[in-house]
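Hi there,

Here is the structure I promised to pass on.

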Amino acid sequence: MDKFDCIVVGGGHAGCEAALAASRMGLNTLMLTLNLDTIGQLSCNPSMGGLGKSQLIFEVDALGGEIGLVSDIASIGYRVLNTKKGLAVQSLRAQVDRKKYRETMQKIILNTENLHVQQEEAIEIITTSKKGTEKCAIGVVSASGMEYFANTIIITTGTFLNGLIHIGLKNYPSGRMGELPSTELSNSLKKLGFQLGRLKTGTSARVDIRTIDFDKTIEQSPDKKAHRFSHRTKKNNPTACPCYITHTNILTQKIILQNLKSSPLYSGIIKGIGARYCPSIEDKCVRFKEKTSHQVFIEPDGVDTNECYLNGVSTSLPETVQLDFLHTIPGLEKVRIIRPGYAIEYDFVLPVQVYPSLETKIIKNLYLAGQILGTSGYEEAASQGMIAGINAALKVKGKPQFILPRYEAYIGVLADDLSTKEILEPYRMFTSRVEHRLILPEHNADERLMKYGLAFGLIPKKEYNKTQKLVESVKVKLRELKSTQLKPESINPILKENNSMPIAKSSSAFQILKRPEIKIEMIEQFIEKLNGNEKIRLEFFVKYEGYIKREHALVKKFNESESYEIPQGFDFYKVKGLSREACEKLSKIKPVTLAQAKRIGGVRSADIIRLFFTLKKSQ
Amino acid sequence: MDTIAAISTPSGEGGIGIIRISGSKALKIADKIFKGKIKPGLAKTHTIHYGKIIDNTGKKIDECLLMIMLKPHTYTTEDTIEINIHSGIVPLRNILETVLKNGARLAEPGEFTRRAFMAGKIDLIQAEAVLDIIQAKSEKALTMAINQLEGKLSDHIKKLKNKLLKIITNLETDIEFSEEEIKIQNISPMLKEVQQSINKLLISSKQGKLLKEGVTFTLIGKTNVGKSSIFNSLLGKEQAIVTKYPGTTRDTIEAWVDIKGLPLKLIDTAGLMTTNNPMDMAGQQRTQKAIRESDGILFIFDATKAVTKGDIHLLTSIKDKKVICIFNKCDLPHQKIVIKNFNSPFLSVSALNGTNIDLILKSISKLVILDNIPPLVSKIRHIETLEKANLSIKKAISGMKNLTPECLAYEIKEASTCLSELTGEITNEIILNQIFSEFCIGK
């Protein structure tokens with residue numbers, strides 16, 4: 001029997017990153033997938049990145065992942081969102097060609113050294129336990145009865161665990177439209193002692209682009225400027241396809257409200273919990289009755305297809321009702337549905353059962369990543385896949401696990417949140433989850449994280465050096481900005497032109513650039529030529545100087561409480577005066593540091609102080 | 001946990017002295033040192049017993065009332081014994097010593113309250129309020145402490161935090177869902193409202209600090225103008241030694257007076273004079289120090305003598321303090337005295353026959369008390385935290401036009417974190433929950 005270093009179950013966004021990271025770190029890796037042809041499939045809308053999510057892509061890329069590069073290759077247009085909201089929350093988004101994305105990812109997966117792919121359904125996790133030691137995962141059993149053994153197992157089954165698709169009042173087991181679910185694995189996880197929950201997500205109808213009257217819609221063109229997610233992308237001038245915007249109206253609302261009885265959501269058939277940030281159109285009409293108009297984004301699916309995605313009207317109403325309400329929307333009066341929208345319910349493992357390394361707390365060497373942990377989103381899945389893949393490899397090599405702190409990366413926040421928070425709805429990343437977001441903009445992910453990628457052998461030395469060189473040159477230019485004195489007569493005309501106070505005495509270019517209304521382009525003529533990469537970093541350093549300093553002071557303070565460890569097996573019920581809710585939550589989640597305990601919902605600051613005194617006393 | 005004991009009545013005040021013992025050994029200790037009709041170990045909980053306290057040799061120290069309170073219904077939730085005696089500090093100390101010899105440990109300051117807090121009986125602000133009640137110097141300070149204990153401050157802070165949460169919700173919605181057509185509220189008026197509320201609390205805090213810590217007034221003036229006489233009249237008892245010889249008071253003398261709930265510390269000083277005598281010089285230095293450290297000055301003149309240039313010079317040098325000019329000896333023939341360009345209240349008094357002495361206390365309380373603001377905040381920690389929050393709000397208000405939403409959010413979150421140090425926390429989850437319940441989100 002073959003013995004592998006690592007088995008990855010699933011070939012979605014988490015599975016791909018996990019398998020690539022593990023195999024590239026030298027692990028003999030096996031990917032088991034239900035269907036070879038859907039590896040790297042985008043199940044929902046054909047776009048990558050966006051608010052809170054682009055940061056994840058840049059970070060995965062800096063660690064040596066693939067999602068950024070493949071997105072760039074498949075991109076059919078970029079837009080930078082939030083340009084007016086500040087440099088740190090600014091986010092890149094790309095429309096991508098669904099087919100090209102999938103094919104590009106498959107090509108990479110099938111051509112990676114140490115990585116073997118097999119079309120097989122994993123139905124059971126094999127574990128072993130010597131007396132007195134923890135249970136340990138050692139392999140999987142497939143539906144065909146084969147047994148595969150490995151030192152580490154990573155499960156990334158997405159929405160396939162016990163998946164159940166709903167369209168109207170009809171439902172049937174499925175993992176994704178037209179694909180089989182994975183039912184037995186769910187039972188295997190339960191048998192091992194995992195607590196499972198049930199979530200719901202939905203998607204909207206795909207329609208024929210030839211049946212849309214675009215004159216009645218608003219065109220949203222991609223940025224003219226070239227953008228990229230990956231540091232490996234050199235030249236990037238994608239075929240630009242615009243998106244279009246239209247709106248629902250009172251008629252749409254009327255039809256939807258009239259047909260609620262045939263909605264599985266409102267007739268009580270769907271038990272799983274959906275995400276509040278991604279509600280179905282039924283939800284929007286019911287919960288916000290006074291709002292009669294909702295945006296609909298028409299997103300092209302790719303360059304050589306007539307299929308397109310209707311973002312904003314995800315639904316599980318019967319197909320005929322879907323058609324009826326779509327026909328009330330300007331531009332969609334004659335639209336033809338290619339694939340209907342649907343809701344899917346699926347099992348997930350309550351994520352507090354994993355460590356921030358994504359290894360499970362009860363079964364050693366077993367890692368979970370992606371939607372199986374209750375998250376939603378391609379980017380969230382890829383980030384977890386990256387972490388699980390790296391940690392599985394480190395485990396096999398006998399090295400300590402890789403855990404990114406919350407102040408160093410969005411990925412760190414994601415892993416920490418999952419391992420400490422109770423998930424009541426699909427978890428997606430928001431910039432507001434990241435308390436140190438001001439120092440974690442997407443543009444400096446390489447400065448922050450490439451050193452780790454290098455250490456793991458996932459980032460070549462050459463690429464790392466390039467980034468270092470860039471960082472150094474920005475430092476030099478920063479000094480230059482400080483030493484370049486601008487005379488009133490040369491700078492005042494520019495200041496006046498941009499509604500900025502003129503100066504009386506000479507001032508450094510640094511001080512001028514500190515003004516919020518002054519952009520680096522306006523004073524570029526006075527300093528040495530900059531490239532785009534240097535510009536944004538330089539402007540960030542100058543404009544955010546005060547915040548960067550404050551953040552670093554906070555991080556230092558944070559580090560102190562973070563380093564206050566709670567011993568393993570600590571009995572929270574022995575802490576006098578702890579509220580019952582705090583006791584229950586702490587005992588369940590088992591935080592390893594005081595700071596982690598602090599972040600658990602329902603644990604109050606008075607509880608933390610009581611815990612702190614007790615810990616101090618027991619030392 | 002150790003069994004702890006302490007004298008829980010302030011030294012030198014009140015006729016009753018209480019020693020409190022808390023912990024698992026409290027009953028055993030009582031059994032050893034108390035002789036009465038019943039053994040404390042056999043008594044019912046929450047009962048009082050008459051008897052005597054004996055030391056380890058069996059000698060009686062004092063008579064007492066012994067209160068027995070068994071866990072869990074006690075302040076600390078532990079077994080608690082309280083020994084009440086009706087005599088002075090010496091027997092009180094002897095009894096405490098005996099208690100300590102029999103297995104208790106001397107409690108650290110505030111340790112009973114900390115145990116109550118640790119046992120979950122009270123929250124942080126309440127715990128601090130208890131310490132204030134114990135240390136309260138006057139009636140008003142006590143009311144304030146009780147207000148805090150009842151959670152009025154917590155209520156105020158909670159309201160403020162709800163306002164901040166609303167502001168943050170609007171800002172974050174603007175950042176996270178900028179692609180969607182959501183109308184967010186103008187946060188500028190909301191921010192100003194918060195600033196006003198914080199300012200109100202801060203103004204009241206000055207009052208609160210005053211009530212808690214009291215106010216200090218120093219009596220100064222030339223030698224033999226009657227400072228010590230006025231000092232004694234104010235105290236109503238002879239505390240300073242008064243003679244007709246100049247320079248009798250060489251040292252500074254302090255005493256506390258309660259003016260309708262305001263604790264007032266009076267400092268009597270050596271008369272101002274030029275001297276070469278080292279002892280007098282030391283006295284003069286102490287006077288200078290007292291002036292520096294006090295909130296206000298009672299500047300005493302001799303009404304029968306003319307005001308000199310030196311007096312005017314001194315008055316000018318203390319003009320940033322609250323000053324009351326008092327002309328003593330108005331029972332003797334004197335001329336009407338005017339000092340130009342000074343806004344300080346003027347009083348003509350006579351320490352000898354008591355004329356207008358009561359006006360001095362009234363003037364002091366008028367100078368320092370702000371009537372209409374209910375004091376809620378007194379702890380330095382609370383004031384500092386509120387000031388920090390205020391600073392962030394100020395930055396946000398002044399940056400409304402210039403700062404990007406992410407930076408505005410940063411400032412406001414910092415303010416909210418500050419307030420959270422006073423009560424509970426606003427977590428990222430709470431913000432997101434708020435966004436989802438207020439706005440229709442989702443493409």
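Let's start with chain B, which has 14 helices and 13 strands. Keep in mind that this is a predicted model. Of the 443 residues in chain B, 39% are buried. If you take the contacts in chain B between residues at least 6 apart in sequence, 63% of them join residues at least 24 apart.

One helix to click on is helix 3 of chain B, residues 111-118. How many of its 8 residues are buried? The count is 6, so the helix is mostly covered, with a residue called buried when 20 or more other C-beta atoms lie within 10 Å of its own C-beta. Those buried residues are Phe112(B), Thr113(B), Arg115(B), Ala116(B), Phe117(B) and Met118(B).

Now over to chain A. Its domain assignment gives four entries: domain 1 (3-203 + 346-456), domain 2 (206-216 + 240-343), domain 3 (471-547) and domain 4 (563-618). The C-alpha centres of domain 2 and domain 4 of chain A are 46 Å apart.

Helix 12 (residues 461-483) packs against helix 16 (residues 532-543) at about 55°, and their axes are 10 Å apart. That angle is why the two helices count as oblique to each other. Their crossing is right-handed. On the helix 12 side, the contact is made by Leu470(A), Ser473(A), Val474(A), Lys477(A), Leu478(A) and Leu481(A), while helix 16 brings Asn533(A), Glu534(A), Arg537(A), Leu538(A), Phe541(A) and Val542(A). Sorted by class, that contact has 7 nonpolar, 2 polar and 3 charged residues.

Cheers!

Methods
Residues numbered from 1 in each chain as written. Chains lettered and ligands numbered in written order. Predicted model: local features only at pLDDT ≥ 70, side-chain atom pairs only at ≥ 80, totals over all residues. Domains from an automatic or database assignment. Axes fitted to C-alpha atoms, helices over the stretch in contact; angles between N-to-C directions. Helix = DSSP H or I, 4+ residues; strand = E, 2+ residues; numbered from the N terminus. Parallel < 35°, antiparallel > 145°, perpendicular 65-115°, else oblique. Left-handed = near helix turned anticlockwise from the far one by under 90°. Contact = placed C-beta atoms within 7 Å. Nonpolar A, V, L, I, M, F, W, Y, C, P; charged D, E, K, R; others polar. Buried ≥ 20, exposed ≤ 12 C-beta atoms within 10 Å, placed from the backbone.
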